[in-house]
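Let's take a friendly walk through this protein together. Have the sequence and the 3D view open as you read.

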Amino acid sequence: VRRTTTSGFVTINNDGIVYFNDIDGSGKGALYSVSCPAGACGPQTQVAGVSFRFYGGMAFDTTGDLIAVDLDRMGRSSMIDTFKLPNPSPATFPVAGEPFGLAINKLDHHLFVADVAADIASEYSYPGGLLIGIVPPGIPGGQLSGIAIDP
């Protein structure tokens, strides 16, 4: 799925709907969805009311809620947003640094975030948002942008 040259992250829910984030005409992060049964994608639709300061990683939790990085590139507090779609008002908790990639371990409800500026990975409880720990950079001068989990 590709919308523009600024398209960001992609995730899929249990119903097979593909969600991706992008920058809309106002310069804010926006959420889009598309259905692709048997590989034939329909029209891409902007999810009404959902916006981000700047997009980042996304994943669905075990209850079907969308978890998304709401990156603040101006040095203020970035957030993790949890949406009970189609409700566009998320529950939030702050995260340190410049989070970009995101993954969730659905077995123990831990959220992992890749900090692109500090080149570290942080582990948070979910949905509470308590910082559990940090993994220091592995490659000097690296730029950690993605993260994955092997449960």
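The paragraphs below look at a disulfide, then at some paired strands, and then at salt bridges. Keep in mind that this is a predicted model.

Let's begin with the cysteines. A search of the whole structure turns up 1 disulfide. The partners are Cys36 and Cys41, with their sulfur atoms 2.0 Å apart. If you look along the S-S bond of Cys36 and Cys41, the torsion is about 105°, so this disulfide is right-handed.

Which strands pair with S10? On one hand there is strand S9 (residues 99–105), which pairs with S10 in the antiparallel sense over 6 bridges. Within this pairing, Leu102 has Val113 in S10 as its bridge partner. S9 and S10 form a hairpin with 4 residues between them, and in that turn His109 has a positive phi of about 55°.

Strand S11 (residues 120–125) also pairs with S10, again antiparallel and over 6 bridges. Here Leu111 has Tyr124 in S11 as its bridge partner. S10 and S11 form a hairpin too, with 4 residues between them, and Asp119 in the turn has a positive phi of about 60°.

Let's finish with charged side chains. Side chains of opposite charge can pair when their charged atoms come close. How many salt bridges does the structure hold? There are 2 salt bridges. One links Arg53 to Asp70, with the closest N and O atoms 3.5 Å apart. Arg53 sits in the loop between strands S4 and S5, while Asp70 belongs to strand S6, so the pair ties together parts that are 17 residues apart in sequence. Arg53 is partly exposed at 33% relative accessible area, whereas Asp70 is buried at 9%.

In another salt bridge, the side chains of Lys84 and Asp65 meet at 2.8 Å, N to O. Lys84 lies in the loop between strands S7 and S8, and Asp65 in the loop between S5 and S6, so this pair ties together parts that are 19 residues apart in sequence. Lys84 is exposed, with a relative accessible area of 54%, but Asp65 is buried, at 9%.

Terms used:
Residues are numbered from 1 along each chain as its sequence is written. This is a predicted model: local features need pLDDT of at least 70, side-chain atom pairs count only at pLDDT 80 or more; totals for chains, interfaces and linings use all residues. Side-chain values use heavy atoms; hydrogens and water are left out. A disulfide is a pair of cysteine sulfur atoms within 2.5 Å. Two strands pair if DSSP finds at least two bridges between them. Helices (H or I, at least four residues) and strands (E, at least two) are DSSP runs, numbered from the N terminus. A salt bridge is a side-chain nitrogen of Lys or Arg within 4 Å of a carboxyl oxygen of Asp or Glu. Buried means under 20% relative accessible area, exposed over 50%, partly exposed in between (1.4 Å probe, protein chains only).
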